[in-house]
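My notes follow in the order I checked them.

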Amino acid sequence: MRLLLPIALSLLPSTSSAAASFDRKAWQQDYSQLKTELVNRYANLAWKASDAGGVDLPALDRKTAVAVASANDDTQAADAIRAFIAGFHDGHLSELPYLAVATTPPIEPSQPALDPAAPIEGCAALGYASTGSVAFSLPLEGLPGFKLILDGLGSTFRAGTITRSGVMLGIIRIQNFRARAFPAACLHAWADLRQAGRAITRDSMHGAAELRWFQDMAAEIRTLRHTGATALVVDIGNDSGGDDSGDWTPRLFTDRPVRSARLLMADASDAGRYFADEIRDIDEALAVTQSHDAKAALLDARSFFSQRAAAIGENRCDLSWVWREQRVWSPTHCNRLLFAGYAGGYSAGLAQNALGDSKAAAALSSASTVQSYFGSWTGPIYVLADQRSYSSAEMFAAVMQDNRIAKLVGNRTGGDGCGFMTKSDPIILRHSHLRIRVPNCMRLRARGTNEEAGIVPDIPVLPTEGESERARAERALQAIANDLTGDSRKRH
């Protein structure tokens with residue numbers, strides 16, 4: 001008998017007819033399937049099963065098994081499985097909306113035409129909309145002496161200056177690491193394409209807007225420097241993440257070499273898709289490069305990803321121990337993970353114009369896509385983060401900290417880490433049809449720890465009882481000024 005739709009379980013009364021249709025054994029089979037699929041596909045499973053992962057998986061398993069076995073209806077059984085997923089404390093491991101069975105073939109509407117003379121409507125149709133708070137994560141705007149230079153509405157980023165202890169701080173807000181969250185970047189890119197006489201299409205706009213995001217950041221950094229700022233604060237508090245721009249952006253804040261995080265992927269089919277994507281990009285670069293050095297580097301990279309693809313299945317050790325015990329974490333122990341290069345590709349990072357071939361450089365290290373903006377700032381820099389900084393924001397914070405580009409100020413980040421390096425099909429439980437998305441990657445810090453543990457601040461500025469957010473904002477700025485002036489007596 002077909003189950004009641006899980007999305008509506010909590011809305012339905014517990015009636016005798018519902019109880020009669022309840023199939024406890026089927027729910028137990030769903031739970032067993034979920035655990036098996038996590039063993040096969042969840043990149044963080046061995047990490048979570050270690051003392052470093054912060055989760056007692058054997059206890060969580062026992063608790064869930066009891067809850068499913070004692071459930072009296074579909075609602076209780078579904079809640080038990082949802083509590084199990086929540087118990088991992090991994091925002092990337094989460095339930096997806098329930099999909100009802102289609103009664104007729106789905107009809108996809110045609111894409112609206114883009115009118116070159118209507119950029120506002122066009123950017124909206126392309127999905128450019130603010131998806132994060134433009135305001136600073138702490139109310140810096142309301143502090144004495146703060147000057148708002150760019151509001152983040154007509155401009156791509158919000159930026160301003162404030163002076164503390166004789167030091168002028170430039171502050172720039174990154175509320176999301178995804179260009180589509182910044183309508184101004186789309187509007188600026190739209191104008192660029194029109195001025196250059198280029199066609200405005202979906203593909204051309206997305207590529208141009210991504211590059212314009214970095215161009216605007218570099219320009220705003222220059223504005224802050226010309227205004228007199230001698231140190232920079234980058235605010236990524238309340239930033240839910242985004243895409244690989246979290247790995248690219250640190251290069252704008254230094255002229256020194258930057259290393260991306262080591263990348264591991266679950267030893268499963270998703271890794272094969274990722275390796276195929278990398279090989280495709282390398283082949284495209286090989287087809288046009290004229291540089292002997294670039295061609296040699298690309299061939300090395302192609303060989304690496306081909307070997308990685310051939311190694312899929314070799315690391316599929318028995319991970320069922322995670323439901324019975326905790327073990328010490330190590331990237332070389334039983335974890336069903338494959339080394340997949342670095343967060344930006346085959347290379348950990350390339351210097352600006354290292355190969356003399358921009359397409360080849362981007363195929364080897366995706367951050368080289370924006371190499372023309374490397375080193376836009378070279379002075380002191382601080383990153384303001386909090387427990388609501390996730391995913392790509394954590395990638396940015398970790399690269400900044402691990403490469404000694406910046407000090408992290410504020411609170412420990414939320415702890416999502418790497419999510420998805422390629423499209424990943426969800427787990428669909430056979431009986432209940434609950435859909436669970438499963439992270440397929442892991443980024444390792446310089447010391448070998450998982451970024452999913454959260455990034456710990458160098459200068460903690462934690463919320464305290466009875467303190468307003470304005471007071472904490474002032475305390476954070478003073479902590480930064482004290483660090484810059486070397487006054488340890490005033491540090492927190």
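Predicted model: local features only at pLDDT ≥ 70, side-chain atom pairs only at ≥ 80, totals over all residues.

I then looked at the pairing as a whole. S5 and strand S8 (residues 381–385) run parallel and are joined by four bridges. I also checked strand S4 (residues 167–173). S4 pairs with S5 in the parallel sense too, over five bridges. I noted one partner there: isoleucine 171 bridges to valine 233 in S5.

Next I asked whether S5 is mostly covered or open. S5 spans residues 231–235, and five of its five residues are buried. I sorted the residues by direction. Ala231, Val233 and Asp235 point one way from S5. Leu232 and Val234 point the other way. All of them are buried, Asp235 included.

**Cavity search**

How many cavities of 30 Å³ or more does the whole structure hold? My search found one. The largest cavity has about 30 Å³ of space.

I listed the lining. Leu38, Val39, Asn40, Arg41, Tyr42 and Ala43 are in it, along with Ala266, Leu319, Asn335 and Arg336. By class I logged six nonpolar, two polar and two charged residues.

Which element gives the largest share of this lining? I noted helix H2 (residues 24–41), with four residues.

Key. Residues numbered from 1 in each chain as written. Heavy atoms only, no water. 1 Å grid on protein atoms, 1.4 Å probe; cavity = no way out; pocket = protein on both sides within 12 Å on 5 of 7 lines; lining within 4 Å. Points joined across faces, edges and corners; volume = space filled by probe spheres on them. Helix = DSSP H or I, 4+ residues; strand = E, 2+ residues; numbered from the N terminus. Nonpolar A, V, L, I, M, F, W, Y, C, P; charged D, E, K, R; others polar. Buried < 20%, exposed > 50% of the residue type's maximum accessible area, 1.4 Å probe, protein only. Pairing = 2+ DSSP bridges.
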